[in-house]
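Colleague: Hi! Could we go through the salt bridges in this model together?

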Amino acid sequence: MKYSLSPIGAITSPYKEKFGIPRQPGLVTAARATLTLLPPYNLPETVRGLEGFSHVWLIFVFHGTQAQGWKPTVRPPRLGGNARLGVFATRSTFRPNPIGLTVAELCGIQVSGSNITLELAGADLLDGTPILDIKPYLPYADALPQARAGFAPDAPLAPQPVMFSAQASQQCAQKQAQWHTDVRVLIEQILSQDPRPSYQQGQVVDRVYAMRLYDFDLRWHYTAAGIEVLELADLKPDP
């Protein structure tokens, strides 16, 4: 038996590529995203009453890795990227059905005719992610403090302090005005998680790393004192 699913909305987020996206929701609370409903679901009636909830569950498609197919075993980053576990014991993107589940803070709902958007915080979603469904988060049923978490019992620790060059500090202020979000805090929260593969974490190497955020390349390197943000380099427009 096969099922046909259609997106009900799409995500706009600062994350323009897979590298650097936090590995779980809520770790980067400064990240702001919007979910825009698509026709025929862009009706005010579909979100009536949702404003009473502080968080929502989002069921989505791993569209960035869908073409790579699934794997029966994967290497979870929390285990250093070496040990293999069954795909159903992890949250890997390489699944038989490329479907993900995440939770996000609902900061607001904007309704302007047929333009309906949900304002989200703390989402770990790639820009353009198709959303299959939205469900309200129910604390009494969805938060289970007695639950066991296997190989990932606690949130990852922030391993290193994040510093900014004079140039990067100035550019953060410019981007904050442009994107109406605290870009400096966003960068601090992303890099403090150390987005490198687990086997590289803790190493100081002579290399500049980069990831795309909004309309710029974030560039940084690792020093003995911590992580230094070098610059926020504007991306060249596509030809």
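Colleague: Which residue forms a salt bridge with Asp-234?

Modeller: Lys-175 does, with the closest N and O atoms 2.7 Å apart. A salt bridge here is a side-chain nitrogen of Lys or Arg within 4 Å of a carboxyl oxygen of Asp or Glu. Bear in mind that this is a predicted model, where local features need pLDDT of at least 70, side-chain atom pairs count only at pLDDT 80 or more, and totals for chains, interfaces and linings use all residues. Residues are numbered from 1 along each chain as its sequence is written, and side-chain values use heavy atoms, with hydrogens and water left out.

Colleague: Where do Asp-234 and Lys-175 lie?

Modeller: Asp-234 is in strand S12 (residues 226–234) and Lys-175 in helix H2 (residues 166–179), so the pair ties together parts 59 residues apart in sequence. Helices (H or I, at least four residues) and strands (E, at least two) are DSSP runs, numbered from the N terminus.

Colleague: Is Lys-175 buried or exposed?

Modeller: Lys-175 is buried, at 7% relative accessible area, while Asp-234 is exposed at 55%. The cut-offs are under 20% for buried, over 50% for exposed and partly exposed in between (1.4 Å probe, protein chains only).

Colleague: Okay, new topic: what does Arg-219 form a salt bridge with?

Modeller: Its partner is Glu-231, with the closest N and O atoms 3.0 Å apart. Arg-219 lies in strand S11 (residues 216–223) and Glu-231 in strand S12, so this pair links parts 12 residues apart in sequence.

Colleague: And how many salt bridges are there in the whole structure?

Modeller: The search finds 8.
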